[in-house]
Amino acid sequence: MSGLGAALSLARLGHDVTVFERDDTPMPETADAAFEWDRRGAPQVRHSHAFLARLYGLLRDSYPDVLDALLAEGATEMRFGDDLPPTLTGFEREPGDDDLVMLACRRTTFEWVLRRAALDEGRVTFRTGVAVDGVLTDERPGRPHVVGLHLTDGTTVTTDLVVAANGRRSTVPEWLESVGAPQVSEEVEDTGIVYYSRFYRLLDGHDAPPRTGPIGGDLGYLKYGVFVGDNRTFSITLATPVADEELRKLLTDPVVFDTTARQLVATAPWLDGRGVPLTDEVHVMAGLLNRWRDFVVEGEPVATGIVPLGDAVLCTNPLYGRGCSFAFWGAHLLAQAVETFGDDTREVSLAYEASLRADILPWYRATVEQDAEARRVAAALLAGDDPDGDTSDPRTFMRAVFREGLLPALRFDAVVLRAFFRSFNLLDPPDAMTKDPDVGARVFAVWQERDQRPPEQPLGPSRRSDLLALIAA
């Protein structure tokens with residue numbers, strides 16, 4: 001996603017771009033053929049993905065032809081206000097609501113359309129089945145300056161700028177250290193989850209369920225969501241704690257996966273006979289990290305002439321659906337830096353790094369904090385303890401406000417719902433809701449009325465043992 005976005009945006013600035021793709025991926029003819037792409041270097045493509053309003057807005061404003069092509073190939077727009085809970089009253093559209101549009105699309109379809117757009121520019125060349133294993137530098141003093149690439153077939157290529165969009169397993173730090181660069185600063189936190197996804201297509205004569213209710217849930221011991229795709233496809237993702245070996249093993253079975261999804265409020269309506277699986281297997285991803293790498297150390301790039309991009313710089317928990325938006329957003333920020341500073345690759349690196357830290361780093365920090373709390377809760381449940389047992393713990397109070405204040409407020413209060421979706425879609429900073437006194441007052445007002453309302457509807461079996469019993473039955 002980031003590499004294709006960079007190729008397209010840089011080509012449109014007048015640069016000639018060569019894309020080296022390790023996987024041998026000839027261009028498919030259709031969106032469904034793209035779903036069968038052999039993408040060993042990007043196993044996440046057959047997992048659920050969200051294309052948030054931040055990404056939609058970038059396409060609409062700067063790449064409208066790409067957006068038109070996606071819609072022509074079966075992607076659909078999901079606009080805020082179209083599928084509101086029936087309990088919500090007094091909703092009126094506001095000017096900013098035009099920015100609150102998500103795109104329903106499979107990851108493979110998005111990449112296929114993006115690659116086609118890059119090829120159509122006439123300045124982008126793809127070399128598929130060609131891997132890179134190092135960089136070339138010149139002899140200038142100081143920190144290394146990259147002037148090309150070393151390929152695994154023993155050949156070399158010279159370049160003006162290397163954009164390293166080689167994924168979450170990127171070895172760019174090792175490449176740079178091998179040519180004398182300082183060590184890249186890195187922070188890593190395990191997300192604590194394992195990810196399971198399966199894709200389906202609606203049968204002819206059947207429509208998708210109404211999207212007025214929840215689209216996912218967090219049971220503590222299991223997180224889940226349903227994602228609408230293009231061309232009447234949809235996917236379901238379940239996520240278990242890494243430590244839950246029993247549930248991890250069970251969910252790899254397609255029958256157990258579907259049985260589990262039928263026990264969950266948000267996913268059950270999708271598996272009532274209206275759809276058929278597109279894949280025989282359940283796709284699994286483990287080793288999921290939150291990671292941030294700083295390629296600017298002590299105020300200077302560790303190397304010039306190279307800019308790492310996308311997952312090579314930052315990874316976040318895929319459950320929040322931010323990865324593709326971060327990747328394309330980062331490519332756009334890089335193109336802006338190149339447009340401003342041209343062939344001064346030092347200034348390009350510094351400007352790009354500053355943009356990442358200003359626009360995206362706060363979201364990384366918020367993700368790490370959310371995951372730390374999720375790991376605490378999951379560990380308590382797996383041990384048979386009550387994660388809310390210590391009422392003196394501020395985290396217990398905040399979980400109660402979230403569960404009995406924010407969640408019901410999303411069904412009743414348009415102001416809270418709008419603020420939540422703006423933050424969820426990366427349009428407002430992650431702390432925007434907590435800093436808005438009006439939103440906070442509305443959430444606490446709902447929380448204070450918790451004893452006057454019926455109990456909240458469970459989003460699935462509240463106890464792990466109950467789910468295991470249902471699966472066994």
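## A buried threonine

With a relative accessibility of 0%, Thr260 counts as buried, because the buried class takes in residues under 20% relative accessible area. This value, like the others in this report, was computed from a predicted model. Thr260 has its place in helix H8, which covers residues 254-261.

Which residues is Thr260 in contact with, once its neighbours within four places in sequence are left aside? They are Leu222, Leu238, Leu251, Leu467 and Ile471.

## Helices H1 and H5

Helix H1, made of residues 2-11, packs with helix H5, made of residues 107-120, at an angle of about 25 degrees, and the axes of the two helices are 9 Å apart. H1 is therefore roughly parallel to H5, since angles under 35 degrees are placed in that class. The crossing in which H1 passes H5 is left-handed.

On the side of H1, the contact is made by Leu4, Gly5 and Leu8, while H5 contributes Glu111, Leu114, Arg115, Ala117 and Ala118. When the residues of this contact between H1 and H5 are sorted by class, 5 are nonpolar, 1 is polar and 2 are charged.

## A sheet of three strands

An open sheet is built from 3 strands in the order S5-S6-S7, and the pairing is antiparallel. The edge strands are S5 (132-137) and S7 (156-158), each of which pairs on one side only. On average, and with direction ignored, neighbouring strands of this sheet are turned by 25 degrees against each other.

In general, the strands of a sheet pair through backbone hydrogen bonds, in either a parallel or an antiparallel manner. Strand S5 pairs with strand S6, which holds residues 146-151, in the antiparallel sense over 5 bridges. Val132 has Leu151 as its bridge partner in S6.

## Helices H12 and H15

How do the axes of helix H12 (residues 394-412) and helix H15 (residues 437-448) lie, and at roughly what angle do they cross? The axes come within 8 Å and cross at roughly 100 degrees, which means that H12 is roughly perpendicular to H15, given that the range for this class runs from 65 to 115 degrees.

The residues of H12 that meet H15 are Phe397, Ala400, Val401, Glu404, Gly405, Leu406, Pro408 and Ala409, and their counterparts in H15 are Val443, Phe444, Val446 and Trp447. Sorted by class, the contact of H12 with H15 has 10 nonpolar residues, 1 polar residue and 1 charged residue.

Terms used: Residues numbered from 1 in each chain as written. Predicted model: local features only at pLDDT ≥ 70, side-chain atom pairs only at ≥ 80, totals over all residues. Heavy atoms only, no water. Axes fitted to C-alpha atoms, helices over the stretch in contact; angles between N-to-C directions. Helix = DSSP H or I, 4+ residues; strand = E, 2+ residues; numbered from the N terminus. Parallel < 35°, antiparallel > 145°, perpendicular 65-115°, else oblique. Left-handed = near helix turned anticlockwise from the far one by under 90°. Contact = heavy atoms within 4.5 Å. Nonpolar A, V, L, I, M, F, W, Y, C, P; charged D, E, K, R; others polar. Pairing = 2+ DSSP bridges. Buried < 20%, exposed > 50% of the residue type's maximum accessible area, 1.4 Å probe, protein only.
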